[in-house]
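Here is a friendly briefing to read with the structure open beside you. Have a look at the fold, then come back for the details.

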Amino acid sequence: SAELISATAIRSVMSEPPEGGVVSLEGKVLTDPALLAELARAIDGNIQTLSSLSLSGCELRDEALEVLGPALQEHPSLKSLDLSDNRLSGAGAEALVAHVLAPAEPGKKRAVKKGPETTHLESGDMVHLSYETVSRPQQQQERLPTVEGVGLQTLDLSNNPLGVNGSRAIGEALALNTSLQTVAMRSVGLG
């Protein structure tokens, strides 16, 4: 079960991330908009040092990604983001794509392209979305279109009710985001 956390505790944990830039707020309740705003400010303040952020089991809802998304959007050092065991639906997945995963021109919000579950690329490669972990082999990554994305390499969205639309949005972002290597999506409401 999740525990309550204060804005002061968030500032304390985020002020000096442990060696390696790994921060875990796993199991802390982050449903209060003021706490989410504080966390977004703290993420912005750790732009060069934060490499891994775990928000697993924090009772996050879709609105949380609208608040945290802009802080995560161009975070150059963040390589791993764990959003597992929350309450993120398709709208949350689309917010994550819009702010974090889909490539965009600097200063512009990312666009979410609606389309089929399998995205055909110019090179003839295909990226398939499954409900298990999706990993892109190194040789396939090199053949994908070169589009600047954030440095995020690992994302865990397991145990969120993303559904078909949210899973599709994530799958489409995988086709364009060349930095993202592994996405865990177990038990996301696909049946």
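The notes below cover a helix pair and the salt bridges.

This is a predicted model. Helices α1 and α2 pack with their axes within 9 Å, and the structure holds three salt bridges.

**The helix pair**
- Helix α1 spans residues 7-15 and helix α2 spans residues 33-45, with their axes crossing at roughly 15°.
- Angles under 35 degrees count as roughly parallel, so α1 and α2 are roughly parallel to each other.
- The crossing of these two helices, α1 and α2, is right-handed.
- On the α1 side, the contact is made by Ala7, Ile10, Arg11 and Met14, and α2 contributes Leu35, Glu38, Leu39, Ala42 and Ile43.
- Seven of these contact residues are nonpolar, none is polar and two are charged.

**The salt-bridge network**
- Arg11, Glu38 and Arg41 are joined in a network of salt bridges.
- Arg11 and Glu38 pair at 3.2 Å, N to O, linking helix α1 to helix α2 across 27 residues.
- Glu38 also bridges to Arg41, with the closest N and O atoms 2.9 Å apart; the two sit three residues apart in α2, about one helical turn.
- Glu38 is buried at 10% relative accessibility, whereas Arg11 is partly exposed at 39%.

- Lys28 forms a salt bridge with Glu3, the closest N and O atoms being 3.0 Å apart.
- Lys28 belongs to strand β3 and Glu3 to strand β1, so this pair ties together parts 25 residues apart in sequence.
- Lys28 is partly exposed, with a relative accessible area of 22%, and Glu3 is partly exposed at 45%.

How values were computed
Residues numbered from 1 in each chain as written. Predicted model: local features only at pLDDT ≥ 70, side-chain atom pairs only at ≥ 80, totals over all residues. Heavy atoms only, no water. Axes fitted to C-alpha atoms, helices over the stretch in contact; angles between N-to-C directions. Helix = DSSP H or I, 4+ residues; strand = E, 2+ residues; numbered from the N terminus. Parallel < 35°, antiparallel > 145°, perpendicular 65-115°, else oblique. Left-handed = near helix turned anticlockwise from the far one by under 90°. Contact = heavy atoms within 4.5 Å. Nonpolar A, V, L, I, M, F, W, Y, C, P; charged D, E, K, R; others polar. Salt bridge = Lys/Arg side-chain N within 4 Å of Asp/Glu carboxyl O. Buried < 20%, exposed > 50% of the residue type's maximum accessible area, 1.4 Å probe, protein only.
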